[in-house]
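Me: Please go through this model with me in questions and answers, giving the cut-offs as the terms come up.

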Amino acid sequence: MEPKLKSISTAGISAAIAKAERYRYLNEPEEAESICRDILAVEPTHQLAQRILGLAITDQFSGGVNDRFTEAAAIFNGLEEQYTRMYYAGILHERHAKAQLLAGRPAQSVAAEFEEAMNYFERAEKVRPPGNDESILRWNRCVRLLETLPKPVSSDEAIAFESADAPPGGALKSPAVRAGRMR
């Protein structure tokens with residue numbers, strides 16, 4: 001027997017969506033991803049399946065080079081409504097930044113990713129349905145996360161040089177250190 005994929009019925013799509021959401025809530029994004037791919041094989045433009053699939057992929061982000069950022073971006077970019085495209089693009093960048101933080105990436109590079117997320121949330125806010133504050137909530141979360149990141153030390157700021165900082169015997173090897181500047 002040769003294993004090959006089987007198709008689900010269109011009548012089973014609603015139940016499959018419910019299962020995909022449940023697997024995401026159970027922190028089993030690979031299972032949710034598989035179910036969404038089965039749904040999309042039957043109904044390629046199913047918007048909820050696309051959103052869940054993109055989210056399931058971002059649930060798997062680890063901050064490494066194997067994160068499927070481009071794949072998730074393409075899925076979210078294929079969403080029909082402008083608000084939804086902007087909002088989920090923001091979610092994509094926010095989750096990517098969080099994964100990079102957890103992986104120990106430099107705060108400065110992660111900050112740029114949060115700012116990109118905020119750009120998308122701001123664009124989504126401008127076209128949001130009345131009463132929908134999701135993009136504002138996400139914007140505020142990014143601001144709060146940015147506030148926790150260490151601030152970069154400006155290279156323009158002078159670094160105090162104390163005579164006690166010199167090595168024993170007073171032998172300084174770098175002209176920049178001799179002048180009291182660090183580069």
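Me: What percentage of the 183 residues of the chain count as buried?
Reply: This is a predicted model, in which local features need pLDDT of at least 70 and side-chain atom pairs count only at pLDDT 80 or more, while totals for chains, interfaces and linings use all residues. Residues are numbered from 1 along each chain as its sequence is written, and side-chain values use heavy atoms, with hydrogens and water left out. Buried means under 20% relative accessible area, exposed over 50% and partly exposed in between, with a 1.4 Å probe and protein chains only. On that basis, the buried share of the 183 residues is 34%.

Me: How many helices and how many strands are there in the chain?
Reply: Helices (H or I, at least four residues) and strands (E, at least two) are DSSP runs, numbered from the N terminus. From that end on, the elements run α-α-α-α-α-α-α-α. The counts are 8 helices and 0 strands.

Me: Is Ala16 buried or exposed, and with which residues is Ala16 in contact, leaving aside neighbours within four places in sequence?
Reply: Ala16 lies in helix H1, residues 13-25, and because its relative accessible area is 12%, Ala16 is buried. Contact means heavy atoms within 4.5 Å. Beyond the neighbours within four places in sequence, the partners of Ala16 are Ile8, Ile35 and Ile39.

Me: Are helices H5 and H6 roughly parallel or antiparallel to each other?
Reply: Axes are lines fitted to C-alpha atoms, for helices over the stretch in contact, and angles run from 0 to 180 degrees between N-to-C directions. Helix H5 (residues 82-102) and helix H6 (residues 107-126) pack at an angle of about 165°, with axes 8 Å apart. Angles under 35 degrees count as roughly parallel, over 145 as roughly antiparallel, 65 to 115 as roughly perpendicular and the rest as oblique. H5 and H6 are therefore roughly antiparallel.

Me: Which residues of H3 and H5 make the contact between these helices?
Reply: The axes of helix H3 (residues 47-59) and H5 come within 10 Å and cross at roughly 10°, which means that H3 is roughly parallel to H5. The contact is made by Arg51, Leu55, Thr58 and Asp59 of H3 and, from H5, by Thr84, Tyr88, Ile91, Leu92 and Arg95.

Me: How many disulfides does the structure hold?
Reply: A disulfide is a pair of cysteine sulfur atoms within 2.5 Å. Cys36 counts as buried at 0% relative accessibility, and Cys142 is buried with a relative accessible area of 0%. The number of disulfides in the structure is 0.
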